[in-house]
Amino acid sequence: MLSRTADHLFWMARYMERAENTARMLDVNYQTSLLPQSADAAANGWKGLLSISELSHDYASRYGEVDARKVMDYMVSDERNPSSIYSCLMAARENARAVRGTLTTEVWETQNQTWLEFQRMLRHKTFQKDPGEGFEWVKFRSHLSRGVTVGTMLQDEAFHFLRIGSFLERADNTARMLDVKFHAVESEFFGTGSMGSNGNGNNGKDQEYDFYHWSAILRSVSGFEVYRKAYRNVIKPEKVAELLILRADMPRSLAACMDEVVNNLRQVANEQSSDTLRRAGRLQADLRFGRIDEILATGLHAFLTQFLERVGTLGVGISRDFLVPVAA
């Protein structure tokens, strides 16, 4: 396959997945902002979202003070923000258009219709009137895009590059979504048996806040019912972390994402991709054989930060081995 075609397919899938996960992260903050809390605590949640998306400086230079409505506009409809839902859906559609002959008619029409419908929703101010409805629509269109891809495309190299893009982006964003919690509460988490960052245990109010915060995170990754089925007990932060990091049977977990990345990388491997495949396999093994108590012993935020660095390095390797070289 031509590297340019592979590049368009890879990024089409990544941008579609990124749009969905941006909607999911915004949904986490929108839900938790409705909880009883101080104005400073609510603002910290939105600051955390900008920080983990690495957009704090760009936002501050153009919007100034962090405000929930401004952040929502910036992350949903700002065409100058390369990570906004607007930019992601437009980029996904443009990459699909560039390789329209490689895609099935159903895949192309899904991408094109998503972009046209999104523009209509912006004109009707759907996201301002009911943010939850808007975020659900973005998630649904992403689900539809993946479903049409699996249901209509030949499982050849084009299919594998689409899958690699989807799951690499999902791994990155699931880790970032988990990290929203730690930016929001400005503390490290070592397990419920440990003390907080100030040397004191959590009081009842903090525990109640944590329960609703983790519930929002679970719902944002469609994992609330899955959690109940897997653990059958009250929501505990360490169990949520285990579900979204180590459980390979949870579709949006880091372990499940890396399984998909490695399996599809093997299908397109070439003579220069051995180091990239090795890095992916090592990350997969660390998740497959990891234990949540070992992860929590070093701090969940620290683990997620390292994971994001490794995923970033893996993405660079994939680009070097398969995709269009970046101009110097």
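How are α14 and α16 oriented, roughly parallel or roughly antiparallel to each other? I looked this up in a predicted model, where local features need pLDDT of at least 70, side-chain atom pairs count only at pLDDT 80 or more, and totals for chains, interfaces and linings use all residues. Residues are numbered from 1 along each chain as its sequence is written, and side-chain values use heavy atoms, without hydrogens and water.

**Entry 1: α14 and α16**

I took helix α14 (residues 274-288) and helix α16 (residues 300-322) and found that their axes come within 9 Å and cross at roughly 155°. The axes are lines fitted to C-alpha atoms over the stretch in contact, and the angle runs from 0 to 180 degrees between N-to-C directions. The two helices are therefore roughly antiparallel (over 145 degrees; under 35 would be roughly parallel). I noted the contact residues (heavy atoms within 4.5 Å). They include Asp275, Arg279 and Leu283 of α14 and Phe303, Phe307 and Arg310 of α16. By class, I have eight nonpolar, three polar and seven charged residues in this contact. Here Ala, Val, Leu, Ile, Met, Phe, Trp, Tyr, Cys and Pro count as nonpolar, Asp, Glu, Lys and Arg as charged, and the others, Gly among them, as polar.

**Entry 2: α13**

Next I checked the length of helix α13 (residues 254-268). At 1.5 Å a residue, its 15 residues should span 21 Å, and the end C-alpha atoms are 21 Å apart, which agrees. The expected span is 1.5 Å times one less than the number of residues. Eleven of the 15 residues are buried, so α13 is largely enclosed by the rest of the structure. Buried means under 20% relative accessible area, exposed over 50%, and partly exposed in between (1.4 Å probe, protein chains only). Among the buried residues of α13 are Cys257, Met258 and Asp259.

**Entry 3: α5**

I repeated the check on helix α5 (residues 85-98). Its 14 residues should span 20 Å, and the end C-alpha atoms are 20 Å apart, which agrees. Ten of the 14 residues of α5 are buried, including Tyr86, Cys88 and Arg93. What do the buried residues of α5 pack against? I found α1 (3-33), α4 (68-76), α6 and α8 (131-152).

**Entry 4: positive phi**

Most residues other than glycine have a negative phi. Glu54 has a positive phi of about 60°. I located Glu54 in the loop between α2 (39-52) and α3 (56-63). At 64% relative accessibility, Glu54 counts as exposed. Lys125 has a positive phi of about 55°. I found Lys125 in the loop between α6 (105-123) and α7 (126-129). Lys125 is partly exposed, at 48% relative accessible area.

Notes. Helices (H or I, at least four residues) and strands (E, at least two) are DSSP runs, numbered from the N terminus. Angles under 35 degrees count as roughly parallel, over 145 as roughly antiparallel, 65 to 115 as roughly perpendicular and the rest as oblique.
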